[in-house]
Every structure is written in C-alpha cells, then in structure tokens.
Amino acid sequence: MKASKEKSGPTGMHRRVAVWAAVAAMGVSGVAFAFPDRPVRLVVGFPPGASDLSARIVAQKMSELWGQPVVVENRPGAAGNIGATQVAAAKPDGYTILLAVNSYTINTTVYRNLKWGLLRDFTAIGRYATSPMVVVVNDQLPVKTVADLISYAKQNPGVLNYGSAGTGTAPHLAGELFAERSGTKMVHVPYKGSAPSVTALMANEVQVAFGAMSAFDGAVHDGRVRPLAVTTADRFSQLPQVPTVMESGVSDFDLDIWYGLLAPAGTPPDIVKILSDTLERAVADPAIQEKLRERGLQAAYLTSSDTTALMKRDVARWAEIAQRLNLSLE
C-alpha cells in the first residue's frame, strides 16, 4: 500500500525531484530529458576578465552536454558580493548558480554587513580549476627579483602602489601578507576585477600587482609586465623559470586561486549531483583542459563534498590572516 502511495502521491516539485533522481541514477547522459529543461543562469560576480573567461569555457561545455543553454551573466561589484547576494536569494532549483572564486572565502570573514554567508547560504557544486597568483611589476620598475622589490620598497616606503582585483580579494590579502612578511610598505589600489588591475599595471598607474596567473598570463607572455614570483609552494609548470615567493626569501607564503560553482542552499541533492557530474564531465574533456591551460589555469575537478571541505579550510585560514592584519570591511 505504501509503495502505491509513493507512485501516485508526489505532485509538483516532489514529482520533478523523483524524476531527477531517476535520471541522476542513470547518469548525466539522460539529463537533457529532465534537468535542466530550460536555460541555466550562471552568475559571475566580476567584470569580463580571467574569472569570466573560465566560467564561459566551462558553461559552453556544460551546455553542450545538456542540450540547454548555460547563460553567463556578469553582476560585478563589491568584490563579487553583488553577484553572490543575488544567487543566495535565488530559488534553489538549480537554474541559478554562481561562479565561485576563493575570494568568497575571504569575503564571508571580513565583510561585516554581508547579506549572505558562504557556508550557510550556498551548496558547493564542485571546483573545476586552480591558478597560482603571481607577483608582477611594471617593466619600468628597476627590479628583477623579489629581493630587488623588497629592497626598493624599503628604500622608498609608501612610494610603490600595488593593484589588486578589489578590496578583500585574495590578491589584496596576498599583497598585505607579502608586505607583512617582507617588512615593506606599499599603497593598495583596488580595482573592480582582475582585468582593470592588469591594465593599470601596464599603464604604470600601479607599479606592482598581485593576481591570478590566469589574469596576467597574456601580458606576461607578451613581455608587457615582468613576473617576479608565483605565490604557491611549487613553481608553476607554465612558468618554470619563475621562482616561488618562498624560494625568494619570504617565509610561509603559499596561496592560490581556485574556481568552482555554487548553488543556493536548499537545492535538492539530486540536482546538485547532476550539476556536479556534468561539471566533472566538462573538466575531463581534453579540449576544455587545453582552453583553461591557455589562460593560465590548471583543470582540477573536486566533488561537491570535497569542495565544501576546501571552502571550510579556506574560510578558517583567511579568517586567521584577516584577523592578524586587522582587516574588516563594510
């Protein structure tokens, strides 16, 4: 009798979830017949640039796998918080998702008046790529190494401007941490995204910049800016000649950028699984891996649960760094 009720009882959303669950069990190849059955909106909280490009690469492949459009929509401003606020308030049905950059693990700890909490208001779909940050300088600055930069900054305290993708972003905290660890003083100049910070560095509005390798990749390879170091523990395979910050004499400096997708909290687990499985298939495509690599990114898929663990780790780590730097933002 109970089984009979389960067959005839579910209506509306319950029936749809039942169908999605059945489709998920069969694999993502059948998704186009259940979820999604209309376009999915992928919100990017940043202007066109490195993050935007990576999102579009992944979105296009997911669209191909589903047979439904994945529409990338830029909602820049407030270090990505405008886009995050919009998605946190969206209906948790899988049709509105967010590009996640690990700057959000900083935002959720340093902004006092956020309308969302990363671990409270979002469900991780998965991570799809990583990138080291890079310390780069304008070609006119007379420094060739990190040691040269530290020496110049100490001889000229407060003279150097350094650019970032925005106040409270990972590049901003990387710059503050570098100044703390190296005993230097530079003036932070925040921009609305990574692309404007690259332009500002080339125009000598700032002399130094910290940012994702994916953002500075073109300018570095064209010789328009000079890379001094990468911020990860190991050298970056695409720039093997560039040392790490730690190799250059600044201790305990291991930072990267990662990219993933989030859904609003409360999104049904079966839909999250479909989204995550599709993301995994997209990232496994050699052509997608090559497109990401060309933009300074390393394809690196993580499941929903592993991405959740990564977010928890980064929230704790950045909170400790922000507290030590006394960083608190409105």
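The largest share of the lining of the largest pocket, 5 residues, comes from helix 10, a segment that spans residues 213-221. The model is a predicted one, in which local features need pLDDT of at least 70 and side-chain atom pairs count only at pLDDT 80 or more, whereas totals for chains, interfaces and linings use all residues. Residues are numbered from 1 along each chain as its sequence is written, and side-chain values use heavy atoms, with hydrogens and water left out. Helices (H or I, at least four residues) and strands (E, at least two) are DSSP runs, numbered from the N terminus.

A pocket is an open set of points, on a 1 Å grid over the protein atoms alone, with protein on both sides within 12 Å along at least five of seven lines, while a cavity is a set of points where a 1.4 Å probe fits but cannot get out; in either case, lining residues have an atom within 4 Å of a point. Volumes are the space filled by probe spheres set on the points, which are joined across faces, edges and corners. The largest pocket holds about 210 Å³ of space, and of its 15 lining residues Ser-214, Ala-215, Asp-217, Gly-218 and Ala-219 are the closest to its centre. Helix 3, helix 9 (194-202) and helix 10 each supply at least two residues of this lining. With Ala, Val, Leu, Ile, Met, Phe, Trp, Tyr, Cys and Pro counted as nonpolar, Asp, Glu, Lys and Arg as charged, and the others, Gly among them, as polar, the lining of the largest pocket has 7 nonpolar, 4 polar and 4 charged residues.

The structure also holds 1 cavity of 30 Å³ or more, and about 160 Å³ of space lies in the largest cavity. Of the 16 residues that line the largest cavity, Ser-51, Val-101, Ala-165, Pro-171 and Ser-194 are the closest to its centre. Its lining comprises 10 nonpolar, 6 polar and no charged residues, and helix 3 (50-66), strand 7 (208-212) and strand 9 (256-264) each supply at least two of the lining residues.

A nonpolar core is a set of buried Ala, Val, Leu, Ile, Met, Phe, Trp, Tyr and Cys residues joined through side-chain atoms within 4.5 Å, where buried means under 20% relative accessible area, exposed over 50% and partly exposed in between (1.4 Å probe, protein chains only). The largest such core has 85 residues, and Leu-42, Tyr-128, Phe-178, Val-208 and Leu-279 have the most contacts inside it. Strand 4 (residues 122-138) gives the most to this core, with 8 residues. Apart from it lies another core, of 19 residues, among them Val-134, Val-198, Ala-219 and Val-220.

Rings of Phe, Tyr and Trp (its six-membered ring) pair if their centres lie within 6.5 Å, and planes under 30 degrees apart count as stacked, over 60 as edge-to-face and the rest as tilted; by this rule there are 9 aromatic pairs. In one of them, Tyr-162 and Phe-210 are edge-to-face, 5.6 Å centre to centre with 85 degrees between the planes. This pair links distant parts of the chain, with Tyr-162 in strand 5 (residues 161-164) and Phe-210 in strand 7, 48 residues apart, and both Tyr-162 and Phe-210 are buried. Phe-178 and Phe-253 also form an edge-to-face pair, at 6.4 Å centre to centre and 90 degrees between the planes. Phe-178 is buried, with a relative accessible area of 1%, and Phe-253 counts as buried at 0% relative accessibility.
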